[in-house]
Amino acid sequence: MSSSSSNSRSSIKGSRRLDPKFEYVNCRCGISAPCWEAWRIGTLDPGRRFFGCSRYKDPNLSCNFFQWAEPPYTDRAREVIDELKRKLDVKSGEIQRVNEEFSFAEKKVILLNEELMISKKKNKEYEVLIVKMEKTIHWLKKLFVVVVLVMLVVFVLIM
Ligand SMILES: [Zn+2]
């Protein structure tokens, strides 16, 4: 097992397996080596196709077979890919910022809802208090009328 073969095995990780019709019957295991697309982070030529041992997940069974299925990308293609990556990074950053703002706004909504619930509860308490006060005022008005009547009667009797 050479160091280059162990590198090739790690390059399968994070890669995308293609349609089975691309399978290539030439693995050292004797089974067919599928065609993959290299999508591992840091890959020089993302999407470049290669054949790799299908048993790569098990280091004890894998023969570490690896073979590029197509030539490396041109410098121009790599330039374009790098530019697209930069643009994607900018957009990803923007999306992340928007997501952060959104989650901040969501937390604020939750806090405001809690405050609203507390206010509603307090409002109910005040309403109950107002009803009690109104009853008391009503009762006092009646008492006042009775007292005035009693005073009038007393006044008339005295005169
Ligand atoms: Zn193999």
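In this predicted model, strand 2 pairs with strand 3 (residues 49–52) in the antiparallel sense, and three bridges link the two. Within this pairing, Trp-36 stands opposite Phe-50 of strand 3. Strand 3 is also joined to strand 4 by three bridges, and these two strands again run antiparallel. Here the bridge partner of Phe-50 is Trp-68 in strand 4. Strands of a sheet pair through backbone hydrogen bonds, in either a parallel or an antiparallel arrangement.

These pairings belong to an open sheet of four strands, in the order 1-2-3-4 and with antiparallel pairing. Its edges are strand 1 and strand 4 (66–68), each of which pairs on one side only. In the protein chain as a whole there are two helices and four strands. Read from the N terminus, the elements follow the order α-β-β-β-β-α. Of the contacts between residues at least 6 apart in sequence, 37% join residues at least 24 apart.

Buried residues account for 11% of the 159 residues in the protein chain. The largest nonpolar core consists of 10 residues: Cys-27, Ala-33, Cys-35, Trp-36, Phe-50, Phe-51, Cys-53, Tyr-56, Phe-65 and Phe-66. Strand 2 and strand 3 are the elements that give two or more residues to this core.

Gly-30 lies in the loop between strand 1 (16–17) and strand 2 (35–37). Gly-30 has 8 other C-beta atoms within 10 Å and is therefore exposed, the cut-off for this class being 12 or fewer. Between Gly-30 and Cys-63 there are 9.7 Å from C-alpha to C-alpha, although the two residues are 33 apart in sequence. Asn-64 is found in the loop between strand 3 and strand 4. Asn-64 counts as buried because it has 22 C-beta neighbours inside 10 Å, where 20 or more are required. The phi angle of Asn-64 is near 65 degrees, a positive value in a residue other than glycine.

Helix 2 covers residues 75–158, a run of 84 residues. At 1.5 Å a residue, helix 2 should span 124 Å, and its end C-alpha atoms are 122 Å apart, which agrees. None of the 84 residues of helix 2 is buried, so this helix lies largely in the open. In an α-helix there are 3.6 residues a turn, so residues three or four places apart point the same way.

The record places a coiled-coil region at residues 81–115. In the model that span is 100% helix and 0% strand, with 50 Å between its end C-alpha atoms. The record also places a transmembrane region at residues 139–158. Over these residues the chain is likewise 100% helix and 0% strand, and the end C-alpha atoms lie 28 Å apart.

Key:
Residues are numbered from 1 along each chain as its sequence is written. This is a predicted model: local features need pLDDT of at least 70, side-chain atom pairs count only at pLDDT 80 or more; totals for chains, interfaces and linings use all residues. UniProt positions are given in the numbering used here, feature names are shortened, and annotations may be inferred rather than shown by experiment. Two strands pair if DSSP finds at least two bridges between them. Two residues are in contact if their C-beta atoms, placed from the backbone, lie within 7 Å. The expected span of a helix is 1.5 Å times one less than its number of residues. A nonpolar core is a set of buried Ala, Val, Leu, Ile, Met, Phe, Trp, Tyr and Cys residues joined through C-beta atoms within 7 Å.
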